[in-house]
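Here are a few notes from going through this model. Have a look at it first, then read on.

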Amino acid sequence: RNYAEYYKEYYLKDEIDERGEHAQLLYSLPHSVPCDHPRIPLVMVRENGEYANTISFKYASRVIHEKINAPFDFHSLRHTHATMLAETGANPEVVRRRLGHTDIKTTLQYYTHPTDTLEKDMMDKLEKMFAHK
């Protein structure tokens with residue numbers, strides 16, 4: 001964190017909107033300002049912690065799509081993120097919460113994809129398991 005106390009962090013505040021309905025407000029404060037609301041760790045942020053929306057990624061998506069001829073968009077990063085977390089051995093329930101899915105099946109069935117690393121890890125574990133017997 002090169003921005004130290006100026007690094008932006010995001011918080012969630014429960015509110016009642018103008019129609020009298022429950023709403024949640026996402027807002028940012030500098031790291032140096034204390035806050036009692038729950039902190040929300042965003043995945044896509046700039047170097048200073050500021051939220052990086054999908055618009056800021058459109059050019060890169062187009063270049064990847066055109067140069068590599070691979071279907072790629074901002075949403076693809078969610079799948080990559082989930083799969084990379086699975087490769088590190090992250091608990092699937094933690095990944096589910098991080099992605100904001102209600103059902104663990106969504107995370108496991110649609111967002112984590114088999115990779116050579118996951119296959120090799122599974123084979124290594126099987127070999128180790130059978131070597132001990």
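Predicted model: local features only at pLDDT ≥ 70, side-chain atom pairs only at ≥ 80, totals over all residues.

1. Threonine 112 sits in the loop that links helix 4 (104-111) to helix 5 (116-131).

2. Is threonine 112 buried or exposed? With a relative accessible area of 18%, threonine 112 counts as buried, because the cut-off for that label is under 20%.

3. What does the side chain of threonine 112 reach? The backbone oxygen of leucine 108, at 3.2 Å. If you set aside the neighbours within four places in sequence, threonine 112 is in contact with Ala82, Thr83, Ala86 and Thr107.

4. Now for another loop residue. Asparagine 69 is found between helix 1 (58-68) and helix 2 (76-87). Its relative accessible area is 67%, so asparagine 69 is exposed, the cut-off being over 50%.

5. The backbone at asparagine 69 deserves a look too: phi is positive, about 60°, although the residue is not a glycine. For context, most residues other than glycine have a negative phi.

6. How many bridges join strand 1 to strand 2? There are 9, with strand 1 covering residues 8-16 and the two strands running antiparallel.

Terms used:
Residues numbered from 1 in each chain as written. Heavy atoms only, no water. Helix = DSSP H or I, 4+ residues; strand = E, 2+ residues; numbered from the N terminus. Buried < 20%, exposed > 50% of the residue type's maximum accessible area, 1.4 Å probe, protein only. Polar contact = N/O pair within 3.5 Å; in protein donor to acceptor, adjacent residues only side chain to side chain. Contact = heavy atoms within 4.5 Å. Pairing = 2+ DSSP bridges.
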